[in-house]
Amino acid sequence: PCCQSPSHSHFLAGPQIVLSVYGPDFFGHDVVRGYGAVHVPFVPGRHKRTIAMFVPESSSRLQQFTSWFTGRRPEFTDPKVVAQGEGREVTRVRSQGFVTISFNVM
């Protein structure tokens with residue numbers, strides 16, 4: 001009933017670790033290298049997760065060139081976009097590898 005509502009699905013999934021990875025580009029500008037998120041399990045203990053990373057892309061060739069030339073690439077301003085995924089279906093993204101993390105749940 002109430003717990004099956006899509007509007008409550010992000011709450012039922014539990015806490016998440018959201019990653020925003022930055023690094024220098026060819027010109028030394030600090031640019032986004034990838035975003036990713038993973039749910040934290042409720043089970044205590046040591047956990048290892050591999051997170052698929054992605055970056056948003058410009059929607060046109062002109063915007064791609066302008067982004068490259070100015071060093072201002074597309075990036076998300078709100079980490080909720082990465083965590084919830086709402087609105088991401090209309091955003092062009094490109095796979096950018098994987099990050100493996102290890103963490104403890106107490």
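Student: What pattern does the chain follow when read along the sequence?

Tutor: The chain follows the pattern α-β-β-β-α-α-β, with three helices and four strands. Helices (H or I, at least four residues) and strands (E, at least two) are DSSP runs, numbered from the N terminus. This is a predicted model, in which local features need pLDDT of at least 70 and side-chain atom pairs count only at pLDDT 80 or more, while totals for chains, interfaces and linings use all residues. Residues are numbered from 1 along each chain as its sequence is written, and side-chain values use heavy atoms, leaving out hydrogens and water.

Student: What makes the meeting of Arg94 and Glu57 a salt bridge?

Tutor: A salt bridge requires a side-chain nitrogen of Lys or Arg within 4 Å of a carboxyl oxygen of Asp or Glu. The N to O distance between the side chains of Arg94 and Glu57 is 2.7 Å, so the pair meets the definition. The structure holds one salt bridge.

Student: Where do the two partners lie in the chain?

Tutor: Arg94 is in strand β4 (residues 93-105), and Glu57 is in the loop between β3 (45-56) and α2 (61-70). The two are 37 residues apart, and the pair links distant parts of the chain.

Student: Why is Arg94 called partly exposed?

Tutor: Buried means under 20% relative accessible area, exposed over 50%, and partly exposed in between (1.4 Å probe, protein chains only). Arg94 has 39% relative accessibility, so Arg94 counts as partly exposed.

Student: Why does Glu57 count as partly exposed?

Tutor: Glu57 is at 26% relative accessibility, and therefore counts as partly exposed.
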